[in-house]
Amino acid sequence: MKKLLILILAASLALLSSCNDGEREEIPESATENKEAEKPVDEITTGEETNVTEPEPEVSQPEDTYIPEAPQPTVPAEDPEELKRIEGLKEASSLSFGEITSVAEENGQVTFTVTINYTCPDDNEYTLALGSNFMEADMYTLVDSVSVKGSGTVTLTHKTIPVRWEDGSFEIAANLMYSTKTGIHILAEAVSPVDESLLPEAPTEGEATSEVPEAPVEAPTPADPPLPVETPSVPEGADAGQEYIDSMVFIGDSTTHGMIYYGVLSGGKNTKQVWTPKSGTLAMWNLLTEKIVYPDNGTEMLIGDAIAAKKPDKVVLTLGVNGVSSLSETEFKKYYNGLIEEIKERSPETKIILQSIYPVCDYYQYVKSISMEKINRANTWISQLAEENGLYYLNTISVLLGDNGYLKESYCNGDGIHISGEGFKVILDYIRTHPID
């Protein structure tokens, strides 16, 4: 089995807020949709080859609407002294698994209870992230995370769709993580196989299954990556002002959670306008089952219940990055439509705005799995969903792209996928100047 690599989710990184030496920088979220990112945001990915192939999209898209991964990523430089210090932190850290039990199974998803023994390198807080080792399947998983310090044992629950390797095995993985302004560092990692008796029955030969993602379709590599195809969007209009923004609730994964971290909405870091799970992760297949933190009272509840309680004037949905690497068009739209229907049913007067998935930087570590090609394609699906449901679509990605067709570096927080404070201001300006009726 290959060495574990986990895609960190921004909300998990937000837990890394305490550091005595002052050199640590919080990064809102991290990791994506590792899935149930499935791998996911909220979502373990690798760009290595797999033996499976991806089906053709149901709605064909012109080849030139796809943007390939950067051939030579440019990763921000790391201070040599910082790297030396991080090596010392790694030597003083450890992780190991205890008991793994299966709690429940529903629609192919299994909820596991996992015990992990940890040793942190010092008395500062670190993030312990739990995921599923989907590397062989080119997937990333939903990460459950907790802030830890010192040494001890923690019990976490993890909901996932198990994907078996060729030998039928399935693994759960954990990372102890440390963040700096130039990225995320894995201080310790552990991988444990899951007893076959805890897994749902594997599909019989020939039985259709959507659990194993398919390898990305190779797109041609033009010298100059084209911009995303234009999609029907709310037209530009007069600046609707701060009051317009204040009338909205923002629901999404770790890329939305960053709005709390940077304090860009009314109320700053105490804003009540952002609804994300405690972990910051929100995978497409969990939109109706994952609980968000309801900021009005701090309790965790299903999105539908929160909508019914709040009955917001407007809801902005920014979803999909924790699904583009593994979901077909049919699956993607099915999960997204499920949430749309739930909101309509629980609060018929709420205006629903679908926002495009944000772009990634050319140096993003997992650009082969969450690529601009896949993001552009998924954004056409979201635009179609808005049109089919009589909703509003905001093509926000159009103001976030640099000349190279990727996320503009100043709009990224440094990890290649999550938005910076400057980037969120650009997003909010776009929303204000593209008001709905």
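Buried means under 20% relative accessible area, exposed means over 50%, and partly exposed lies in between, with a 1.4 Å probe and protein chains only as cover. With that in hand, welcome to a set of close-up views of a predicted model, in which local features need pLDDT of at least 70, side-chain atom pairs count only at pLDDT 80 or more, and totals for chains, interfaces and linings use all residues. Residues are numbered from 1 along each chain as its sequence is written, and side-chain values use heavy atoms, with hydrogens and water left out.

**View 1. V399 in its loop.** V399 sits in the loop between strand 14 and helix 8; helices (H or I, at least four residues) and strands (E, at least two) are DSSP runs numbered from the N terminus. Is V399 buried, exposed or partly exposed? V399 counts as partly exposed, because its relative accessibility is 31%. Leaving out residues up to four places away in sequence, V399 touches Y411, V426 and Y430, where contact means heavy atoms within 4.5 Å. Look also for G423: 24 residues from V399 along the chain, its C-alpha atom is separated from that of V399 by 9.4 Å.

**View 2. S420 and the backbone of S410.** S420 belongs to the loop between strand 14 (392–394) and helix 8 (421–432). S420 counts as buried because its relative accessible area is 8%. A polar atom of the S420 side chain lies 2.8 Å from the backbone oxygen of S410. That is a polar contact, a pair of N or O atoms within 3.5 Å; within protein, one must be able to donate a hydrogen and the other to accept it, and residues adjacent in sequence count only if both atoms are side-chain atoms. Setting aside neighbours within four places in sequence, S420 is in contact with Y262, S410, Y411, C412 and N413.

**View 3. A salt bridge between K310 and D296.** A salt bridge here is a side-chain nitrogen of Lys or Arg within 4 Å of a carboxyl oxygen of Asp or Glu. How far apart are the closest N and O atoms of K310 and D296? They are 3.1 Å apart. The two partners are 14 residues apart, with K310 in helix 5 (residues 303–310) and D296 in the loop between strand 10 (291–294) and strand 11 (299–302). K310 is partly exposed at 34% relative accessibility, and D296 is partly exposed at 30%. The structure holds 9 salt bridges.

**View 4. R346 and D305 join two helices.** The closest N and O atoms of this salt bridge are 3.0 Å apart. R346 lies in helix 6 (residues 329–346) and D305 in helix 5, 41 residues apart. R346 is partly exposed at 27% relative accessibility, as is D305 at 34%. E342 also takes part here: D305, E342 and R346 are linked in a network of salt bridges.

**View 5. K333 meets E388.** The side chains of K333 and E388 form a salt bridge at 3.9 Å, N to O. K333 is in helix 6 and E388 in helix 7 (residues 372–389), 55 residues apart. Here the two ends contrast: K333 is buried at 12% relative accessibility, whereas E388 is exposed at 54%.

View 6. Among the buried residues of helix 6 are F332, K333, Y336, L339, I340 and I343. Which elements do the buried residues of helix 6 pack against? They pack against helix 5, strand 12, strand 13 and helix 7.

**View 7. Y336 in the largest nonpolar core.** A nonpolar core is a set of buried Ala, Val, Leu, Ile, Met, Phe, Trp, Tyr and Cys residues joined through side-chain atoms within 4.5 Å. The largest one has 47 residues, of which I251, M284, L317, F332, Y336 and L354 touch the most other members. Helix 7 gives the most to this core, with 7 residues. Y336 itself touches M284, L287, L317, L319, L354, I382 and L385, not counting residues up to four places away in sequence.
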